[in-house]
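Subject: Structure handover

Hi,

Here is the structure I promised to pass on to you. Please have a look at it, and then read my notes below.

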Amino acid sequence: MPDIVSRLSDWYRNAARDLPWRRSAFHDAFGAWGVLVSEFMLQQTPVSRVIPHLEAWLARWPTPEAMAAASTADVVQQWANLGYPRRALWLHRAAVEITERHDGIVPRDVDALLALSGIGDYTARAVAVFAYGDRHPVVDTNTRRVLARAIDGRAHPAPPSRRDLALMESLLPASVPESAVFNAAAMELGATVCTARAPRCEQCPLSATCAWLVAGRPDTGDDRRRQASYEGSDRQARGLVLRLLRQAAPDPVPLVAVLPDWPDSPQRDRAIDSLIADGLAEADGEALSLPR
């Protein structure tokens, strides 16, 4: 186990991507708030798409107080095409909670972070570790894949469980700064080398000891939940409705003009109803608009 930690951490120091939230200037400018916003945006969204949105977001709302004062419509509009727009609402609520409960300072304590809207195990620990430098196990999809292959000899990780945190905890160096490096290194390896579909094992710093590679990269099955196709899905319909509302904002859109050519009218209506239920849209008579 110590070999895994040292090899991976040494590799990270030389190979890590230069990402905004890893720069000291970013932390000096935005602190834990910048890290929190980046973590919200990075959920199920590629880094390349996040970076320009993150820069624009923090230029507009550099502090939780600034965002808490914004309208819901402004927040949804700024989220643009990042996908999973409920994240924008959760982030807005979290900004309000940080402002009201914590005097505008993103909390350091994991339990206090977990009490904020939209924050789960991963995000709470990521903020505590990458913003404040504390020692906690941070486990995302990439980390779970690295651990599954390098230690368990599996091609893909099992469904998420508390075991993931326990395993990562057992690997963390005792040194607090080194534990943060190892957390970031495991995530980076999974994102850039130990990828789901085309792992580049010849470039992996763990290739000599990886249980999966040593066993000949066997097909051990994949128990991960499959995501439904986006094309023709409720998600696509919701996204198109939101895009229409953003383009029209601040003006409302007549309901009869909302995706009139969508081939599945019940699905279109379901998408509109779900956006209203989620607080992402408002209906006023025969018109639809972004929330006020």
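Predicted model: local features only at pLDDT ≥ 70, side-chain atom pairs only at ≥ 80, totals over all residues.

Residues are numbered from 1 along each chain as its sequence is written, and side-chain values use heavy atoms, with hydrogens and water left out.

Let me start with helix α9, residues 141-150. Helices here are DSSP runs (H or I, at least four residues), numbered from the N terminus. Nine of the ten residues in α9 are buried, so this helix is largely enclosed by the rest of the structure. By buried I mean under 20% relative accessible area, with exposed being over 50% and partly exposed in between (1.4 Å probe, protein chains only). Among the buried residues of α9 are Arg144, Arg145 and Arg149, along with Val146 and Leu147. The buried residues pack against α10 (162-171), α11 (176-192) and α12 (211-214), where contact means heavy atoms within 4.5 Å. At the start of α9, the backbone nitrogen of Asn142 has a side-chain oxygen of Asp140 within 3.1 Å.

Helix α5 (residues 72-79) is also largely enclosed by the rest of the structure, because six of its eight residues are buried. Those six are Thr72, Ala73, Val75, Val76, Gln78 and Trp79. Their packing partners are α2 (24-42), α3 (47-60), α4 (64-68), α6 (86-101) and α13 (234-248). Just after α5 comes Ala80, with a positive phi of about 55 degrees.

Now the cysteines: how many disulfides does the structure hold? There are zero, taking a disulfide as a pair of cysteine sulfur atoms within 2.5 Å. For Cys194, the closest cysteine sulfur is in Cys204 at 6.1 Å, too far for a bond. For Cys210, the closest cysteine sulfur is again in Cys204, at 6.3 Å, also too far for a bond. Cys194 is buried at a relative accessible area of 10%, and Cys210 is buried at 9%.

Finally, Ser6 sits in helix α1 (residues 2-15) and is partly exposed, with 36% relative accessibility. The Ser6 side chain reaches the backbone oxygen of Asp3 at 3.2 Å. From C-alpha to C-alpha, Ser6 and Val96 are 41 Å apart in space, and they are 90 residues apart in sequence.

Best wishes

How values were computed
Helix = DSSP H or I, 4+ residues; strand = E, 2+ residues; numbered from the N terminus. Polar contact = N/O pair within 3.5 Å; in protein donor to acceptor, adjacent residues only side chain to side chain.
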